[in-house]
Amino acid sequence: MALRSILIHPDPRLKKRADPVRAIDDDLRRLADDMLETMYDAPGIGLAAPQVGSNARLLVMDCIKDKDAAPRPMVLLNPAIEWTSDEDSTYEEGCLSIPDQFADVTRPAEVDVSWMGLDGQQHRERFSGLWATCVQHEIDHLNGRLFIDYLTPLKRQLITRKMVKLKREQARETTA
Ligand code: K1U
Ligand code: ZN
C-alpha cells in the first residue's frame with residue numbers, strides 16, 4: 001500500500017465526470033487500497049478516485065469516528081443514488097481537496113445507494129447521518145462537483161482564490 005497525493009482545487013481533473021469501472025483487476029485493487037491508506041492518513045472520512053488523479057468511478061469511506069469502535073472501510077465501485085429522503089440535513093462539510101475550508105451544505109438526510117464491491121457483487125444500502133452526507137459528497141466528486149459548488153458564487157470565488165494562493169505557496173516551497 002502507498003500514499004497517493006491529493007489534488008488541490010482548482011484542478012481540471014476534479015471537474016471531470018469519472019468513467020464507470022468495467023473490470024476489477026490488480027491495478028484497481030491497488031488503487032482502492034492506496035486510497036484507503038491515503039484517507040486514513042489525511043485524516044478523512046472519505047475519498048474519491050478523481051482526488052488522487054484517477055478517472056475511475058470509485059470511492060472509499062469510513063465514517064466511524066469513535067477510536068474504540070471497529071473501523072468500517074468501504075470501497076464502492078460505480079455507486080448510484082437510488083432513493084433520497086424528503087427530509088434534509090445540514091452539515092458543515094470539508095474536503096481534502098480544499099484544505100481548511102468548511103461550509104454548511106444541505107443534502108437529503110437519507111439515501112439508498114447501490115454499488116459494486118471489489119468482489120464483483122452488487123450491494124444496496126440505506127445511509128443516514130454522517131454516512132449519508134459523506135457518500136453524497138463523494139458521489140459528487142465522481143460527477144465533477146465540489147461542495148463549494150453549493151455555495152454562492154462570491155463564497156466560492158473567495159475559497160478558490162485562497163486555494164490558488166495555497167498552491168502557489170506550495171509550488172514555491174517545492175522549488176526552493
Ligand atoms: O472527499 C473528501 O474530500 C473527504 C472529506 C469527506 C467529507 C467530509 C465532511 C463531510 C462530507 C464529506 C473529508 O474527510 S474532510 C475531513 C473530515 O471531515 C474529517 C477528518 C477527520 C475526522 C473527521 C472528519
Ligand atoms: Zn471532497
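**A tour of the largest pocket and the zinc site**

In this predicted model, the largest pocket has a volume of about 650 Å³. To find its centre, select Pro43, Gly44, Ile45, Gly46 and Leu96, the closest to that point among the 31 residues of the lining.

Next, colour the secondary structure elements around the pocket. Helix H1 (26-41), strand E4 (88-93) and helix H2 (129-142) each contribute at least two residues to the lining. H2 gives the most, with five residues. Colouring the lining by residue class will show 16 nonpolar, seven polar and eight charged residues.

Now select the zinc ion (ligand 2). Its donors are SG of Cys95, NE2 of His137 and NE2 of His141, at 2.0 to 2.3 Å. Along the chain these donors have the spacing C-x41-H-x3-H.

Is glutamate 93 buried or exposed? Its relative accessible area is 3%, so glutamate 93 is buried, the cut-off being under 20%. Show side chains here: that of glutamate 93 makes a polar contact with the side chain of arginine 107, at 2.7 Å.

Finally, display the surroundings of glutamate 93. Leaving out residues up to four places away in sequence, glutamate 93 touches Gln101, Phe102, Ala103, Val105, Arg107, Thr133, His137 and Phe147.

Definitions and conventions
Residues numbered from 1 in each chain as written. Chains lettered and ligands numbered in written order. Predicted model: local features only at pLDDT ≥ 70, side-chain atom pairs only at ≥ 80, totals over all residues. Heavy atoms only, no water. 1 Å grid on protein atoms, 1.4 Å probe; cavity = no way out; pocket = protein on both sides within 12 Å on 5 of 7 lines; lining within 4 Å. Points joined across faces, edges and corners; volume = space filled by probe spheres on them. Helix = DSSP H or I, 4+ residues; strand = E, 2+ residues; numbered from the N terminus. Nonpolar A, V, L, I, M, F, W, Y, C, P; charged D, E, K, R; others polar. Donors = N, O, S within 2.8 Å, 3.2 Å for Na, K, Ca; no water. Buried < 20%, exposed > 50% of the residue type's maximum accessible area, 1.4 Å probe, protein only. Polar contact = N/O pair within 3.5 Å; in protein donor to acceptor, adjacent residues only side chain to side chain. Contact = heavy atoms within 4.5 Å.
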